[in-house]
Amino acid sequence: MTWLSDVGFFALLFFLLVFIHELGHYLMAKWVGIKVEKFSIGMGPKIFAFQKGETEYRLALLPLGGYVKMAGDDPSKEYSGEEKRRGFLTQKPPAKLLVVFGGPVFNLLLPIFLFAIMLAMGIPSIAPTVGVVQDGMPAQTAGFQVGDRIISLNGSKIEKWTELEKSIQGLADQPVKFQIERTDLKTGQMNLVETTVTPVLADGKSRFGEDIKVGRIGISPEFLVPQLYFEGTDNPLAKAGFERFDRVRSLNGTPIRAYEQLMVALENLSPGTVKAEIERKGKALEISFDVPAGKGAVRDRLGIQPLLLVVGNADESNPAYKAGIRAGDRLISINGKVLQKWEDVSAMIKGSEGKPVDISWSRDGQIMKAEMTPEKITLNDPIMGKDNPLAREAAYRIGVSPIAIMDAEYSIEQSWNPVKWFQKGISQTWEMTSMTLQAMKKLVTGELSLKLLGSPIM
C-alpha cells in the first residue's frame, strides 16, 4: 500500500499548493477592490459549489490546477460602470502586479510555514556518528573508530551529518581539528578525544549530480546493525534465551551501536554473568548469559558465527535456491576458497563468467555442498534504466542477498521557539529557492542536461 499512500500524500500536497497559489491571487484581488466571480480548485466540470456574497466557490473534477475568475478580465469586451470600476484590466499597474504576484508570493510563504511546523514537530536528521571507517583513508590513520560521535570541527559544533560532510568537502589538504565523543567498550565510560585529520581530494558529486572533486576523510554514517548469529540449539546463547538475529543494544550497560562495536565489546568480557539489552521484533528485552572460562576468543566460546556471510534471501527462481540454499544459511566457501565478507561472494560469482562453481554452506552447524551455474543478467543505468542502452552491463549472480542490515543513528531537531520557527522556514526556503535558480542557470549554460527540465509540477 506504500504507492497508494505516496499518491495520496502527493495529491494532498498538490491540492495545498494549488489552493495557496489561488488564495494569493484571490486575497490580493479582494484587497485592491477587484470583484472575484469564481474561486475554483480544479479544472473542468464542478463537483460541488456554493455562493457566498459575490463569489462562487467551487471544487472541480480535474485536479490539474485552479483559477480565480475576476470581473473585467476579457480584453475583447468593452466595460462600463461597476465592471469597469472593479474589473481587473482597468486597474492601475501596481494593483495588477499585486494580483499577478500574489500567487507566487503565497507559494513562497507556504514552505516557510511548513518548515516552521516541521521544526515544532521535530525534524529527523542523520547524526554525526561514524558508521564505517574506510581502509587507507585519513580517518583510519587518525584513529577514528566505528561509533565515534563527532562533536565539533575546528571548534564549530556539529549536530548533523550533512553539516559535517559539507564542511569537510571544502577543506581538502587542510588540517582539521575534530572533537569526538567515544565510548570505552571495556569500561562503558564516555571519553572526549581530540584528533587532527587532513582531508584528501577525492571524486564526488555536486547536489546536481555533476562529477566534482571534494575533500574526504573516509567515513560514512551507515553502520552494520549488531545482530547475533549462532547455530544449533545447544549453543550457550540459545540456552540463555537468545534468538538468532536479536539486535544487541548494550552489554553490562555499555551502549552498542554497530556490529564492529559488538565484536570488540565481546572480547572485553570476563568469564561470568553478563546482562544484555536486546531488541527483538521491535520489543526491548533483557537477557543474562554466562561467558564460559577457557582459551580462545569469547565469541568462539559463545558459538557466535560471522553475520556478514548469512543469507537473507534466496529467490526460488535462481540457481542458489534450486541447489538447496535457504534464508538463514551461512556461506562458507566458493571453489574451495574460504569467504571472509559478502563482497567476496559477489567478486567470485562475477569472476566465474557463468562457469559452474562449487559452494559450501552451513545450516545449524551441518555443512552442505552443491555445484551451481551463475545466471547472466543485465544491469541497467541506475538513473535512466533501460532507456540508456549504452550504460548496460552484463553480470552474473546465483540469486542470494545478505541478511546484514545497514542503519544510521538519527537525531531530532525540535524547538518551540517561534523565532527559530521563522528562521528555519526562511533559511530552508531560501536554500531550496537558490538551488532551483542555480539549476535553471546551469540548464541555460549547458552544465546540466535538458533532460532534467520538467513541468512546474515536476
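K442 has its place in helix α11, which covers residues 418-445; helices here are DSSP runs of H or I with at least four residues, strands are runs of E with at least two, and both are numbered from the N terminus. The model is predicted, so local features need pLDDT of at least 70 and side-chain atom pairs count only at pLDDT 80 or more, while totals for chains, interfaces and linings use all residues. Residues are numbered from 1 along each chain as its sequence is written, and side-chain values use heavy atoms, with hydrogens and water left out.

Is K442 buried or exposed? With a relative accessibility of 17%, K442 counts as buried, because buried means under 20% relative accessible area, exposed means over 50%, and partly exposed lies in between (1.4 Å probe, protein chains only). Not counting residues up to four places away in sequence, K442 touches F208, E210, E447 and L448; contact means heavy atoms within 4.5 Å.

Helix α5 shows how burial can be arranged around a helix. In α5, residues 161-169, the buried residues include W161, L164 and I168. The buried residues of α5 fall within an arc of 65° when seen down the helix axis, so they line one face of the helix; the arc is that of the directions from the helix axis to the C-beta atoms. An α-helix has 3.6 residues a turn, so residues three or four places apart point the same way. T162 and K166, on the other side of α5, are exposed. The cover over the buried residues of α5 includes the strands β3 (123-126), β5 (149-153), β7 (176-183), β10 (211-216) and β11 (219-220).

Within its residues 259-267, Y259, Q261, L262, M263, A265 and L266 are buried. Among the elements that cover them are β12 (223-224), β13 (247-251) and α8 (298-301).

Two single residues may now be examined. G131 sits in the loop between β3 and β4 (132-133). Its relative accessibility is 0%, and G131 therefore counts as buried. Which residues does G131 contact, leaving aside its neighbours within four places in sequence? They are V146, S220, P221, E222 and F223. From L237, which is 106 residues away along the chain, G131 is separated by 26 Å between C-alpha atoms.

E279 belongs to strand β15, residues 272-280. With a relative accessible area of 27%, E279 is partly exposed. Leaving aside neighbours within four places in sequence, E279 is in contact with D246, R247 and R249. The C-alpha atoms of E279 and E165, which are 114 residues apart along the chain, are separated by 31 Å.

The protein as a whole remains to be described. It has 11 helices and 26 strands. Its radius of gyration is 31 Å, well over the 23 Å that the globule rule gives for 458 residues, so the protein is more spread out than a compact globule; the radius is taken over C-alpha atoms, and the rule is 2.2 Å times the number of residues to the power 0.38. Along the principal axes, the C-alpha atoms fill a box of roughly 100 × 50 × 45 Å. Of the 458 residues, 39% count as buried. Among contacts between residues at least 6 apart in sequence, 56% join residues at least 24 apart.
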